[in-house]
Amino acid sequence: MLSDTIAAISTAVGESGIAVIRVSGPEAIAEVGRLFRSKTALPEAGSHTVHYGFIIDPQTGEKLEEVLVSLFRAPRSFTTEDVVEISTHGGIISVKRVMDLLLQQRDIRLAEPGEFTKRAFLNGRIDLSQAEAVIDLIRSKSDRAFSVALKQVEGELSRRINVLRHTLVETLAHIEVNIDYPEHDVESMTTEFIKTKCAEVTEGINGLLKTANQGKILREGITTAIVGRPNVGKSSLLNALARENKAIVTDIPGTTRDVIEEYVTINNIPLKLLDTAGIRETMDVVEQIGVERSKAAVLEADLILLVLNSAEPLHEDELKLMEQLSSRPTLVLLNKIDLPQQLDRAKVSHYFPENAVVELSAKTQEGLDHLEEAISQLFFGGKLESGDLTYVSNVRHIALLKKAKQSLAEAYEAADSGIPIDIMQIDVGLAWEQLGEVIGDSAPDALIDQIFSQFCLGK
Ligand SMILES: Nc1nc2c(c(=O)[nH]1)N(C=O)[C@@H](CNc1ccc(C(=O)N[C@@H](CCC(=O)O)C(=O)O)cc1)CN2
Ligand SMILES: Nc1nc2c(ncn2[C@@H]2O[C@H](COP(=O)(O)OP(=O)(O)OP(=O)(O)O)[C@@H](O)[C@H]2O)c(=O)[nH]1
Ligand SMILES: [Mg+2]
């Protein structure tokens, strides 16, 4: 049914060193072989070999491109089908020439987004959670998130799910035996057995779910809003954390007008930093809009860095801000400690505990390490480093794990209240199916299409 041959440009389009076109399917070797002139003819070449030569337009005999062609014979390829990869010179024209020629061939059509990975899935080389992890790999914005996704590509989550499912199959077999040979002694033993097993699997699911929040953070970054009055040094702080001059810094209050985004990693925790316009009453229309956006950024933030200028007394606006932020996850940064100090710390202590206050200088970078430490403490109790890498970060997986947990809770309850054993069988079976859906066992076609449509072309 997957008997057609697909092709797509697998590298980003634009000027580059080289570009790669991938062709997969039963006609890949024959079709590319007709267009490729090299020492060894492609149909005669062995798997996992690379060949130098030219792509020739068969109609005109014209040399279109100088290329390297790699050959992977089924089933030893990414898709498990015959795969031919053509490396062309980078740049839009050279890739397009070769791609156009390929698409003129009778048995080649353009691949849909994610279709190579979809084939790897449909042909059983990877399961659904592994395929989804491929998307995460491409999209990851920090080393840590990448490592987590890579582990999932390698099948770590699938392995854990399979262990839990195996326990459930055992339980179902036990129930089956009891239904076939319903002697009373066995029945009460079975009930105990079911309860133990349900509890065991529930614990496994809880372990996976516990990592879910960390997984989300790892993938998307902790949204961190830097807020405060104009000129306190918010943009300077962003630049110091990003280690580059991303935001404009001047001594004119009201410099930043729009929200500036920057991804940084602190002790391996990815942060999506939002530098905002200084919050104050203003008549300037542009600045007013900026102030509104600052307030919106505060609302959506997971973490707020409230910057105060420690070289000046507190301003009335700042007391108001502290009041508003005291119930949110906030670190108060006393900036400009390189200057003579004027700020009344007792007023800050009125709103925030000692460990939420950090003294620093965005200018000299003194105290920046304390801020980084405070952020790690806040989110992971400083324990992220030793953490388990199998994070569940996909909302689809989380929902299914929760459903499976619910089914098991129902089975457990049924066992506890002496409800007939075949009712438990239904719930345990349901949990087994729900866990299976995580790895794509029994996943509906529409779901599979929806997942693969998120991929980029050529993946
Ligand atoms: N040029 C190129 N680079 C790439 C990919 C690709 O498809 N092409 N990949 C695509 O995303 C990733 C690598 N993933 C791959 C995974 C498995 C196989 C593969 O051929 N597997 C076979 C044979 C294994 C072996 O011989 O040891 C198999 O599993 O049977 C290839 C690529 C990243 N880099
Ligand atoms: N001495 C000293 N000056 C600093 C420090 N941090 C920032 N500044 C100076 O304070 C001024 C304002 O800095 P910005 O980073 O632009 O302040 P901001 O909070 O982004 O200001 P707006 O965008 O106007 O809201 C600049 O002249 C900075 O050089 C610091 O730690 N010490
Ligand atoms: Mg600024």
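Mentor: Two strands count as paired if DSSP finds at least two bridges between them; helices (H or I, at least four residues) and strands (E, at least two) are DSSP runs numbered from the N terminus. This is a predicted model, in which local features need pLDDT of at least 70 and side-chain atom pairs count only at pLDDT 80 or more, while totals for chains, interfaces and linings use all residues. Residues are numbered from 1 along each chain as its sequence is written, and chains are lettered from A and ligands numbered from 1 in the order in which they are written.

Trainee: Which residue of β13 is the bridge partner of L333?

Mentor: Strand β12 covers residues 330-335 and runs parallel to β13, to which 3 bridges join it. These strands belong to an open sheet of 6 strands with mixed pairing, in the order β9-β10-β8-β11-β12-β13, and β13 (357-359) is an edge strand that pairs on one side only, as is β9 (260-266). Within β13, the bridge partner of L333 is V358.

Trainee: Which helix gives the most residues to the shell around ligand 2?

Mentor: The shell has 24 residues (C-beta atom, placed from the backbone, within 6 Å of the ligand), and G233, S235, S236, T256 and G278 come nearest. With 3 residues, the helix that gives the most to this shell, spanning residues 234-242, is α9.

Trainee: Is Q130 buried or exposed?

Mentor: Q130 is found in helix α4, residues 128-139, and, leaving out residues up to four places away in sequence, Q130 touches Q152, V153, G155 and S158, where contact means C-beta atoms, placed from the backbone, within 7 Å. A residue is buried if 20 or more other C-beta atoms lie within 10 Å of its own, exposed if 12 or fewer, and partly exposed in between. Because Q130 has 21 C-beta neighbours inside 10 Å, it counts as buried.

Trainee: What is the largest C-alpha distance among N231, T250, I252 and T255?

Mentor: An unreviewed UniProt entry annotates these four as "binding site", and such annotations may be inferred rather than shown by experiment. Although they are spread over 25 residues of sequence, they cluster in space, the largest C-alpha distance being 8.0 Å.

Trainee: How does T255 count, buried, partly exposed or exposed?

Mentor: T255 lies in the loop between α9 and β9, a loop that also holds I252, which counts as exposed because it has 9 C-beta neighbours inside 10 Å. Beyond its neighbours within four places in sequence, T255 is in contact with S235, I248, V249 and T250. Because T255 has 17 C-beta neighbours inside 10 Å, it counts as partly exposed.

Conventions. Contact = placed C-beta atoms within 7 Å.
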